[in-house]
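Have the sequence and the 3D view open side by side as you read.

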Amino acid sequence: MRKIIMIAMLMIGCFTLFTGCNEADRVSYNLSKEADNFNDVRQITVINCLQGDVLFQMTGKMSIQADVEENQLEIIVEDENGAYKKHFIGLSDNVTYVVEDITSKNVDKYQYILNFNPKMWLPVKGDVID
């Protein structure tokens, strides 16, 4: 009789453990894992909140991690030779970002696009050496 009670309690415990995660949590975990494994196309848009201008966009298959201590995003992309490249986006109180999953677009796994807003560049004046 004790064995039957123990087995029943074990089954109830397992059922409770597995029903504790809802479907949205599982889907969110699976989507994040796929994107971080370079299987999904993402687009990052960085926005200057004071002016409402898009600073730049980056599109491709990439892994994105927020580094709260350094106040930046760390973005890793894979090139056609299997080498990885890491990019950083600095964040501030007036700069925010949006990450979109745009997997439906047909993008090469080893290609990414980075678009800067040309109006946001400050001109640099240098001396001409003769």
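Which side chain is joined to that of Thr45 by a polar contact? The partner is Gln57, and the two side chains meet at 3.0 Å. A polar contact here is a pair of N or O atoms within 3.5 Å; within protein, one must be able to donate a hydrogen and the other to accept it, and residues adjacent in sequence count only if both atoms are side-chain atoms.

Before going further, a word on what you're looking at. This is a predicted model, with residues numbered from 1 along each chain as its sequence is written. Local features need pLDDT of at least 70 and side-chain atom pairs count only at pLDDT 80 or more, while totals for chains, interfaces and linings use all residues; side-chain values use heavy atoms, with hydrogens and water left out.

Now the overall layout. The chain has two helices and six strands, and from the N terminus they run α-α-β-β-β-β-β-β. Helices (H or I, at least four residues) and strands (E, at least two) are DSSP runs, numbered from the N terminus. Of the 130 residues, 25% count as buried. Buried means under 20% relative accessible area, exposed means over 50%, and partly exposed is in between, using a 1.4 Å probe and protein chains only. Among contacts in the chain with a separation of 6 or more, 51% are between residues 24 or more positions apart; a contact means heavy atoms within 4.5 Å.

Back to Thr45, which sits in strand S1. Thr45 counts as buried because its relative accessible area is 8%. Leaving out residues up to four places away in sequence, Thr45 touches Val54, Phe56, Gln57, Thr96, Tyr97, Val98 and Glu100.

S1 and S2 run antiparallel and are joined by eight bridges; for two strands to pair, DSSP has to find at least two bridges between them. The hairpin they form has four residues between the strands, and Gly52 in the turn has a positive phi of about 75°. Next along, S2 and S3 are antiparallel too, over six bridges, and here Ile64 has Ile75 in S3 as its bridge partner. Their hairpin also has four residues between the strands, with Asn71 at a positive phi near 55°, although Asn71 is not a glycine. Asn71 is classed as partly exposed because its relative accessible area is 39%. S3 and S4 then pair in the antiparallel sense over seven bridges, and Leu73 has its bridge partner, Ile89, in S4. In this hairpin there are five residues between the strands, and Gly82 takes a positive phi near 85°.

Some of those residues come back in the largest nonpolar core. Of its 13 residues, Ile44, Val46, Met62, Ile64, Ile75 and Ile89 touch the most other members. S1, S2 and S3 are the elements that give two or more residues to this core, and S2 supplies the largest share, five residues. A nonpolar core is a set of buried Ala, Val, Leu, Ile, Met, Phe, Trp, Tyr and Cys residues joined through side-chain atoms within 4.5 Å.

Phe38 deserves a stop of its own. H2 has 14 residues and reaches 20 Å from first C-alpha to last, close to the 20 Å expected at 1.5 Å a residue, the expected span being 1.5 Å times one less than the number of residues. After H2 comes Phe38, with a positive phi near 65°. Phe38 counts as buried because its relative accessibility is 11%.

Where does the ring of Phe38 find an aromatic partner? The structure holds one aromatic pair, and in it Phe38 and Tyr84 are tilted, 5.6 Å centre to centre with 35° between the planes. The pair links distant parts of the chain, with Phe38 in the loop between H2 and S1 and Tyr84 in S4, 46 residues apart. Rings of Phe, Tyr and Trp (its six-membered ring) pair if their centres lie within 6.5 Å; planes under 30 degrees apart count as stacked, over 60 as edge-to-face and the rest as tilted.
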